[in-house]
Amino acid sequence: MDWLEYENIAHNDGFEIVCGVDEAGRGPLAGPVYAAAVILPKGHIIEGVNDSKKLSEKKRDELFDKVISECVAYSVGIATEHEIDEINILQATFLAMRRAVEGLNVKPDIALIDGNKTPGLDIEQRAIVKGDSKSANIAAASIIAKVSRDRYMLEMAAEYPEYQFEKHKGYGTKLHYEMLEKYGVSPIHRKTFLRKFFDRL
């Protein structure tokens, strides 16, 4: 498999600086959605980098440090649970992606986006379905986004210990729903994802 296929297509089309963009946390019931933008050196593949969902937590943590040390630039953007409730999860994801790209200290010429839609950047953008398992830059971004969000949810676990966020990171697991039944909702829960619980308030 050629991890640089889409990067090489972009270079052949005249784009010099390529960044990959991916998100983490579209599905959870709590916390922000995260996005990351990563620019790897031209022609560079970080050994072991893959779609973050296919990696163990330990491996993701190792690769997180490698990506940061070997990339040209990276940036993380978020959209809060309040923004998710206000503008919906798709638009919030796009907002987080735009913030990530805008936060780069090197301006890319083109962004390769994981998924089938683009977030409305002011540079060339190309959506790649399952891009996190096809593009080196997107795979690197997927790791930065996932680890960044997981670490934030560990901080929230310390702030709201009753929900045991360290175990499910806000996703809708059986345990999480049990804690919601027991304790109700927290300030970081997404209201639009939990209407039945908010209707009781």
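Tutor: A helix here is a DSSP run of type H or I with at least four residues, and helices are numbered from the N terminus. With that in mind, note that the model is a predicted one, and consider helix H2, which spans residues 57–70.

Both Glu62 and Lys58 belong to helix H2, where four residues, or about one turn of the helix, separate them. Their side chains form a salt bridge in which the closest N and O atoms are 3.1 Å apart. Glu62 also has a salt bridge with Lys59, with an N to O distance of 3.9 Å. This second pair likewise lies in helix H2, three residues apart, again about one turn of the helix. The 3.9 Å pair still counts because the cut-off for a salt bridge is 4 Å between a side-chain nitrogen of Lys or Arg and a carboxyl oxygen of Asp or Glu. As a general point, side chains of opposite charge can pair when their charged atoms come close.

Lys58, at 62%, counts as exposed.

Lys174 is exposed, with a relative accessible area of 66%, whereas Glu178 is partly exposed at 37%. Elsewhere, shared partners link Asp13, Glu124 and Arg126 into one network of salt bridges. The whole structure contains twelve salt bridges.

Let us now turn from charged pairs to nonpolar side chains. In soluble globular proteins, nonpolar side chains tend to be buried together. In this model, the largest nonpolar core has 22 residues, and those that touch the most other members are Cys19, Val21, Val33, Val101, Leu104 and Ala111. Two or more residues of this core come from each of strand E1 (18–24), strand E2 (33–39), strand E3 (73–79), helix H4 (89–102) and strand E4 (110–114). Helix H4 contributes the most, with eight residues. A separate core of 21 residues includes Ala24, Ala141, Ala145 and Val147.

Beyond its neighbours within four places in sequence, its contacts include Val38, Val101, Leu104, Ala111 and Asn137. Cys71 is itself buried, at 13% relative accessible area. The structure as a whole holds zero disulfides.

Tyr74, Val76 and Ile78 make a nonpolar surface patch of about 210 Å². Tyr74 has its place in strand E3 and is partly exposed, with a relative accessible area of 36%.

Finally, Asp2 lies in the segment before helix H1 (5–12). Asp2 and Ser135 are 133 residues apart along the chain, yet their C-alpha atoms are separated by 8.1 Å. Leaving aside neighbours within four places in sequence, Asp2 is in contact with Asn8 and Lys134. At 41% relative accessibility, Asp2 counts as partly exposed.

Methods: Residues are numbered from 1 along each chain as its sequence is written. This is a predicted model: local features need pLDDT of at least 70, side-chain atom pairs count only at pLDDT 80 or more; totals for chains, interfaces and linings use all residues. Side-chain values use heavy atoms; hydrogens and water are left out. A nonpolar core is a set of buried Ala, Val, Leu, Ile, Met, Phe, Trp, Tyr and Cys residues joined through side-chain atoms within 4.5 Å. Buried means under 20% relative accessible area, exposed over 50%, partly exposed in between (1.4 Å probe, protein chains only). Contact means heavy atoms within 4.5 Å. A disulfide is a pair of cysteine sulfur atoms within 2.5 Å. Patches are made of residues with over 30% relative accessible area and no salt bridge: like charges are joined within 9 Å, nonpolar side chains (Val, Leu, Ile, Met, Phe, Trp, Tyr) within 5 Å. Accessible areas come from the Shrake-Rupley method with a 1.4 Å probe; for residues, only the protein chains shown count as cover.
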